[in-house]
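Dear colleague,

I am handing over the structure we spoke about, and below it you will find a short account of what was found. Please read the account with the structure open beside you.

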Amino acid sequence: MSPNAATHKMVSDSPNFWELPAESEIQGITIPEQPTAAGPTTVRITHSNSYGPFDEAEIFVRIGDPNNPTDQDDVQSHADWVPAKLVEELVFVDDDYIPRDQAEEPFEDETQWCATYEAELKIPAGPRSIEIKLVSHNPELLPSLVLSGWDFTVA
């Protein structure tokens, strides 16, 4: 079940989608949908997990080169990563998404969770990509990695 887009920021059904280990998924959108060089672009990323909250991760974004994407295991070589700030955290309880801070924890069963992050980028004109770096503080469940392939052209 998807949350109400009018009340929640969670990204769902995006073409910018990555499946990760440990039942995690990452989805992203840009605001505006088609970035322009004339102004800032908000990058909105949702990290979700079907088992429950995954607090042991940080999200960063950067402007990449679609012709030379960063390797998935290369979380160290670039210094221009922009931290994405947590703007919403939801859990699926009693057939509805609610803010995590309003839910009673610990959860008894597997509980769908999602955390939405945002960062602002100024994207220059031309062929570009957005790369996402997930830094995991629990590498046994989910390794730190770079996600690429979110390519577009900025006018």
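A salt bridge is taken here as a side-chain nitrogen of Lys or Arg within 4 Å of a carboxyl oxygen of Asp or Glu. Please keep in mind that this is a predicted model, in which a search of the whole structure finds six salt bridges.

One of them joins the side chains of Arg 62 and Asp 80, with N and O 2.7 Å apart. This pair links distant parts of the chain, since Arg 62 belongs to strand 4 whereas Asp 80 sits in the loop between strand 4 and strand 5, 18 residues apart. Arg 62 counts as buried at 8% relative accessibility, while Asp 80 is partly exposed at 40%.

Arg 100, which is buried at 13% relative accessibility, forms a salt bridge with Asp 55, their closest N and O atoms being 2.5 Å apart, and its side chain also meets that of Glu 89 in a salt bridge of 2.7 Å, N to O. Through shared partners, salt bridges join Asp 55, Glu 89, Arg 100 and Glu 105 into one network.

Turning to the pockets, the largest has a volume of about 180 Å³, and its lining divides into five nonpolar, five polar and two charged residues, with strand 2 and strand 10 each supplying at least two residues of that lining. The second largest pocket holds about 150 Å³ of space, and its lining comprises six nonpolar, one polar and three charged residues, among them Phe 92, Asp 94 and Thr 111.

With best regards

How values were computed. Residues numbered from 1 in each chain as written. Predicted model: local features only at pLDDT ≥ 70, side-chain atom pairs only at ≥ 80, totals over all residues. Heavy atoms only, no water. 1 Å grid on protein atoms, 1.4 Å probe; cavity = no way out; pocket = protein on both sides within 12 Å on 5 of 7 lines; lining within 4 Å. Points joined across faces, edges and corners; volume = space filled by probe spheres on them. Helix = DSSP H or I, 4+ residues; strand = E, 2+ residues; numbered from the N terminus. Nonpolar A, V, L, I, M, F, W, Y, C, P; charged D, E, K, R; others polar. Buried < 20%, exposed > 50% of the residue type's maximum accessible area, 1.4 Å probe, protein only.
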